[in-house]
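I opened my notebook to look up one residue first and then the fold around it. My entries follow in the order in which I made them.

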Amino acid sequence: MGERKWWLDKVTSAPRAKVIVNPVAGAHKTYKKWPQLNRLLDHIGLSFDHQYTEGAGHAIELARDAASDGYRYLVAVGGDGTVNEVANGILKAGSAGDVSFGVVSTGTGSDFARSAGIPTNYVDACSVLTSTKRVVIDAGVVEFHKNGEKTQRYFVNAAGIGFDAAAVESTEKIPKYFGGTIPYLTGLLRTLIGY
């Protein structure tokens, strides 16, 4: 599948970045954090355009379009779902080898950020975007049938089936206004009882 690189490069000489913001990530708190994040990104010298996602799957379209339009630096602001969608958009654009990817985690789980060594505190994560350090990660792909059509979905963190998938499905049905790990633990317990 080839390797993908995280954008953790000096941005002062870099071209303009596209920042994809999921305003409902982190129990709908990312929208409130965005003004401060915007100022932080300006402060570190990042030249960028930003766009909000408008629903499930929209970040895939935004990232694919941005990569196709020549953006070589994309930053996902949101949770693990946003990271997954932006990665899918980049990989579906066809020019993925030319695109670097940064993450500012504002979600409730932040599993990917922890796995990749990206600070889960969004202030620190913004500072890391200008680091000279790059981390190479692998991407996997799953092919499946949906509505009678063969499709594929990439993943950069983990893929699961069976109990794991049932726990995620249960968690998705729980309101995220609690934030943190409460929805995940509740989903796990519901699945343990009913699986």
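I looked up Ser110 and found it buried, because its relative accessibility is 7% and buried means under 20% relative accessible area, with exposed over 50% and partly exposed in between (1.4 Å probe, protein chains only). The model is predicted, so I noted its limits: local features need pLDDT of at least 70, side-chain atom pairs count only at pLDDT 80 or more, and totals for chains, interfaces and linings use all residues. Residues are numbered from 1 along each chain as its sequence is written, and side-chain values use heavy atoms, with hydrogens and water left out.

Ser110 lies in the loop between S5 and H5; helices (H or I, at least four residues) and strands (E, at least two) are DSSP runs, numbered from the N terminus. Which residues does Ser110 touch, not counting residues up to four places away in sequence? I listed Asp80, Ser105 and Thr120, where contact means heavy atoms within 4.5 Å. With Ser105 there is a side-chain to side-chain polar contact of 2.7 Å. A polar contact is a pair of N or O atoms within 3.5 Å; within protein, one must be able to donate a hydrogen and the other to accept it, and residues adjacent in sequence count only if both atoms are side-chain atoms.

Next I turned to the sheet. It is open, with four strands in the order S3-S2-S4-S5 and parallel pairing; two strands pair if DSSP finds at least two bridges between them. Strands S3 (48-52) and S5 (100-105) are at the edges, each with a single partner strand, so one side of each has no neighbour in the sheet. S2 (residues 17-21) pairs with S3 over five bridges, and Val21 stands opposite Tyr52 in S3.

I then checked what packs on the sheet. Helix H3 (residues 58-68) touches S2, S3 and S4 (73-78). Helix H4 (residues 80-92) touches S2, S4 and S5.

My last entry is on the core. The largest nonpolar core has 44 residues, and such a core is a set of buried Ala, Val, Leu, Ile, Met, Phe, Trp, Tyr and Cys residues joined through side-chain atoms within 4.5 Å. Val19, Leu41, Leu74, Val86 and Val104 have the most contacts inside it. I followed Val104 and found that, not counting residues up to four places away in sequence, its contacts include Leu37, Val77 and Tyr122. In the whole protein of 195 residues, 46% count as buried.

Conventions: Axes fitted to C-alpha atoms, helices over the stretch in contact; angles between N-to-C directions.
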